[in-house]
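I opened my notebook for a look at one strand and some ring contacts. Come and read along.

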Amino acid sequence: MRTLSLKNIFRLTFLILALTAWGCSTKKNTPVSRTYHNVTARYNYFFNAKQSYSNAIKRAEKDFDYNYTFPLPVLLVGQQKVISAVGGDMDRAITKSTDLINLHSITVKPERKRGKQTSKDKNFYNQSEYVRWVRDAWLLIGKARVWKGSYDEARMTFEYVLVQFPETPLWYESHVWLARIEMLNGDFLSAEDRLRSLSANRKYPKDKYFSHLLQSTWASYYYKQNQYEPAIKHLKLALDNAPDKALKQRYTYLLGQLYQKQKQFAESNKYFKKVVKLNPNYEMSFNAKVNLASNFQGGKGSQDLIKTLNKMTRDEKNTEFLDQIYYALGNIEQSKGDMDKAIGYYQLSAQKSISNNHQKGLSYLILADHFFAKPNYTVSQAYYDSAYNALDEDYPSYRDLEIKTQNLNKLVENLNIVSHQDSLQRIAAMGSKERDALIAELIKRVRDEEERLKSEEQEGRDRFSHFQRTQQRGGMNQDQGGSWYFYNQSSLSQGLAEFSMRWGRRKLEDNWRRSNKREVLDPNAEMAQLQDTTGMPLKILDNKSREFYLQDLPTTDSLMAISHKLIQEAMLKVGEVYEKDLKDYPEAIKAYEELGIRYPKGEYTLQGYYNLYQISRFLQNSSDEEKYKQIIVSRFPNSTYALMLSNPSYVQNIEKEEKEREAYYQNTFALFRKGDFAQASKLATEGIEKYKGTDVESKLKFIKAQCMGSRGDISGYKIALTEIVDKYPNTELAASATDIIRFIEQRELQLATVQQTPDDYSQVIEREELLSDSFVKPDGEHLFLAIVPKGSPVNQLRFNLVSFNVDNFIDMNLSVSIKELTEFVDLIVIEKFKNKDVAMEYYNAIVKEEGIMSTVKPENYSHVVISRNNYKQFLEDKAIADYLSFFRANYLK
């Protein structure tokens, strides 16, 4: 913005004072009022709002911590680190713009001119806003909201601009920002439609500002979808119109990276050289030079590059970047065909990495890929595991890396089991002197390795101290700006680098400083060293003690049998990983054949031979297919596999039986759904016996249990469901049965409480006498029980019952107590009564008395009397439904 001269400032001040004096602060739409509001809005509000907005973006571009091992972002807007950094300034810009709109917007129409109206007059009269800076303020609010991450609010702001100010420069710019919001929300289809429609509109602004805005958005659109060729095209156009040096540097560097990804190394080098000429900060310049070296594809000049890079390793300023230098040296040696030297450089790259975990991950990954291709799976597993732990989830092939790492971890884990158990068996067979000498040698190796690691750790601390000193010297020359630490991206990045160097990558958890969580002591540490929660001796963890190496030795026949079983199982799993996960069929064949040779009668040998048969069929190797078939049929004649291979119709017969079972089950289920529970229960009972041990047995038992529940046999229903849970754990049926049991326990009292008239008793007794066989004939001393749901006002009910007893049965000296039956049911117990008849006299009086149980719904409680012997049984089995059935049959006749 142009600087105002002193003379112009005086004129402007005079104009403002004059306009104010003329009463133009009102919102009347006159030339004078419009001038007043435009001038005041521009210099009192919009200037400050734009200043806050521009300063925030400049600071974000200056402080943003680029990861140069990734392609740089086309746009910084939407980056999480940027959102947190610019929030304060963007809020100020929004506040100033909002105040501008509230105080200076003019939407009332001016008086029409007399006479004929020109098209210009008509357009002016039809405006929705007559203060230019109000329109600009709306656009600025939308842009500020995007930068601070408030995408929904920003979208509504831009849509308002589209409606209010059509076919203006603001209208076109709002469309571009809406496309950016759609991309940030992952809606690339809508973004493409909007950008194509805008680009096809011949009226869009052709100035450099809008051209840069549009082309950079197109470039970001293609870049985010890994479409590098069209991204390059639009990024070049954005570069041509870039408004400042920082953007030109970033676009130029990104073009070098994109050409590098396209394997167009000559073009990539051209742009990396341009980056160096643009005189960027040291880190960008350094990375551009390293990329120039990494792009080397053989031929002349390799020695000069190697010499230059080795010289860079000796420069103190490059301590933080040694990992990238060695990685570039590795790439050069790989391009020359000297993989041994390349491996050394890649290993150095990973070792020297201080704070750039992404670079460390790339170094490990290139080593992992090399050894995997050989194939040397054991070595590649270690490198893949390290790469997986170093790289972040935003790495493009992270999911593939995760799967490969998991597969190799599984392979190596089982290879280690075989190796470990073989070693234990070998050591167990040694004489005591030979064994002790071996253990002493192993302990010596452990101590030597600990010393080596301590030396490496000290070296890391020394590098960290040097890095700190370098950063402190650099920080003295930096403008801290007085901003809060967590708004300063430079400080945050430096802090993260220092943390990573000192501690490595640590999960956010308790005791994160400890690499070995076993060192965390608890109050029972002394006991923990002696035994675990089962009382069994704990394993000795000190690998420098003799006992550590003796504790797992299979020195008895039973321990040796366990060891052999572990080896067999691991050998089968090794073959399965080769076959199913890695698709390395030659290695799978070797693994399965080794299992058959080593354990010809082993538990897993048959499965290994059948897998070999399947591999042979897949590879269309008919001779091996026949060979493995004969081994299975001759050595395992009664196995399912042998029957299947020797009898061509075996599979068809099995399938026929499966269809028959499924049809039987579906028929039974259909009867149950129709409500024919008697017939469904009958078929289920017969099917359980007929198809015992098959896949439909559990389903038929579930139907039988459901039939019991439908007849009101709550006790039998619970027993049948419990049997399903116990016999078929960890199945969907068991889970469903558990849920039903839980529901019954919660609602058993309500389900069992039947409010009936005396006329119903004869019908109920016949059924309930059959159901109740858990209790003895009622005799002797009795108690009265009020059975109520948990949460009932039991103290109030107890008071009501005590009052009732005082008024009507004071001579009996009855006591009233509260007892928990289950977690869902309470008992109010009144005792004691001499015999059944006395108890029933009390029961009948209670039933007739109104108001005692008024605080509980009638369907939610029951009154019963119970003999002392049956009360003990009732408390033990908690069978509410059973006892209510027994009570009705034996007391209410």
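These are my entries, starting with the ground rules.

I am working with a predicted model, where local features need pLDDT of at least 70, side-chain atom pairs count only at pLDDT 80 or more, and totals for chains, interfaces and linings use all residues. Residues are numbered from 1 along each chain as its sequence is written, and side-chain values use heavy atoms, with hydrogens and water left out.

Strand β1 (residues 782-789) runs antiparallel to β4, with 6 bridges joining them (pairing takes at least two DSSP bridges). I noted I866 as the bridge partner of L783.

**Rings.** I found 43 aromatic pairs (Phe, Tyr or six-membered Trp ring centres within 6.5 Å; planes under 30 degrees apart are stacked, over 60 edge-to-face, the rest tilted). F784 and Y842 are edge-to-face, 5.3 Å centre to centre with 75° between the planes. This pair links strand β1 to helix α36 (residues 836-848), 58 residues apart. Both F784 and Y842 are buried. The F874 and Y883 pair is tilted, because its centres are 5.7 Å apart and its planes at 50°.

Definitions and conventions:
Helix = DSSP H or I, 4+ residues; strand = E, 2+ residues; numbered from the N terminus. Buried < 20%, exposed > 50% of the residue type's maximum accessible area, 1.4 Å probe, protein only.
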